[in-house]
Amino acid sequence: MTSTTTRRRPYGAEGAPDTRPSPTARGRGRSAPYFFLLPAAALFLLFFALPIGYAVWLSFRKVQVSGLGLGAGARKEVWAGLENYTDALSDGELLDGALRVLGYGCIVVPVMLGLALLFALMLDSEKVRLAPFTRLAIFLPYAIPGVVAALLWGFLYLPDVSPFYFVLDRLGLPQPDLLDGGPLYLALSNIAVWGGTGFNMIVIYTSLRAIPAEVYEAAKLDGATPLQIALRIKIPMVAPSLVLTFFFSIIATLQVFSEPTTLKPLTNSVSTTWSPLMKVYQDAFGKGDVHAAAAQATVIALVTLLLSFGFLRAANRRTKRDDSQGAAR
C-alpha cells in the first residue's frame, strides 16, 4: 500500500489570487530597460558611430584623376589602402603642429590644474568668506563659449584697442607684443587657463566636500596645522579627481582649435596649420582633400586614445600599488 502526501495550502489561501507574474509579463519587464536605452543608442549611432565609420572609410580612399580631369568620369574614387596614412605620418606640417600643441599643453595643463587645486583648497577652508559668490566668479568663464573668449582676449592683446597697452604707455613701461613669437604661446595658454580652471575647480571642490569631517577632526586632535591637513589629507584623498581632470585636460589640449583659429585674423604668427585640427580643417575645406583629412583625423583620434588609455592604466596601476602597500601596513 502506497501512501501519497499532499501539501496543503495555508489556511485562507484557497481563495487568494495568484500574484506571480506571468511569463509574458516577466519577459516584458526584462526588455523594459532596453526600450529606455533605445533613444540614446539611436542618437549614438546616428551622430557618433556612423560619422566615425564614414571618416575611417574615406581615409582608405582617394580621388583618381585621368587626363585633364575634365568631363564625366575623369575624377573617380578608388581604393587607396594605407597611402593616406603614410602621407599623414610623414606630413611635416602635421608633425610641426603636434609639436606646437605639445608646447602649448606643457603650459596649459600644469597651470590650469594647479590653479584649480589651489582655488578648491581655498574655498574648502573654514575661514573663507563669500564662498558661493567666489565659486560662481571662478566658474563663470567656463560658461563663456571658446570663440567668444578668444575674441575677448584677442582684442585685449591688440595694442591699438587694448586698455592694458594704454596703461603701460602712460606709465612708460615696455609694451610686449603677445601675438607674435614666443609670447603667442602664453597668450593662447591664458585663454585656455582662464576658461577651464573653473570647471576643474568644481570637480576637485566637490571631492573635497565629500571627505568626512571626522577625518579633519582627528587630524586637528593630533596637532595638524591647516597646511599639513591640505598637503597630507586633502590632496591625497582627491587624487582620483586630479587624475580625472588631468585626463580631460589632455584631451582638450590635443583638440585645440577655436582659440588659434579665432586669433588668426589678428596676427600673422598663427598659420592655417598651427594645430593638427587646423591642418585637418585646411585640407578638408581649404584644399578639398577630404580623404587625406579623414586619415589625419583618424591618426589624431588614435593618438588621443592611446595616450588616454596609457595614462589611465598607469594611474590605476599606481592606485592598486598604493592600496596594496596600505593593506600590508
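Predicted model: local features only at pLDDT ≥ 70, side-chain atom pairs only at ≥ 80, totals over all residues.
## A buried glutamate

Is Glu259 buried or exposed? Glu259 is buried, and yet no salt bridge accompanies it. The nearest side chain of opposite charge belongs to Arg100, and that one is 13 Å away. A salt bridge here would need a side-chain nitrogen of Lys or Arg within 4 Å of a carboxyl oxygen of Asp or Glu.

Which residues does Glu259 touch once its neighbours within four places in sequence are left aside? The contacts are with Ala150, Leu188 and Ile191.

## Where helix 9 meets helix 10

Next, have a look at helix 9 (residues 226–237) and helix 10 (residues 239–254). Their axes come within 4 Å and cross at roughly 55°. That angle makes helix 9 oblique to helix 10.

On the helix 9 side, the contact is made by Ile235, Pro236 and Met237. Helix 10 contributes Ala239, Pro240 and Leu242. Sorted by class, this contact has 6 nonpolar residues, with no polar and no charged ones.

## The chain as a whole

Stepping back, the protein chain holds 13 helices and 2 strands. Of its 329 residues, 30% are buried.

Note on methods. Residues numbered from 1 in each chain as written. Heavy atoms only, no water. Axes fitted to C-alpha atoms, helices over the stretch in contact; angles between N-to-C directions. Parallel < 35°, antiparallel > 145°, perpendicular 65-115°, else oblique. Contact = heavy atoms within 4.5 Å. Nonpolar A, V, L, I, M, F, W, Y, C, P; charged D, E, K, R; others polar. Buried < 20%, exposed > 50% of the residue type's maximum accessible area, 1.4 Å probe, protein only. Lys, Arg positive; Asp, Glu negative; His and termini not counted.
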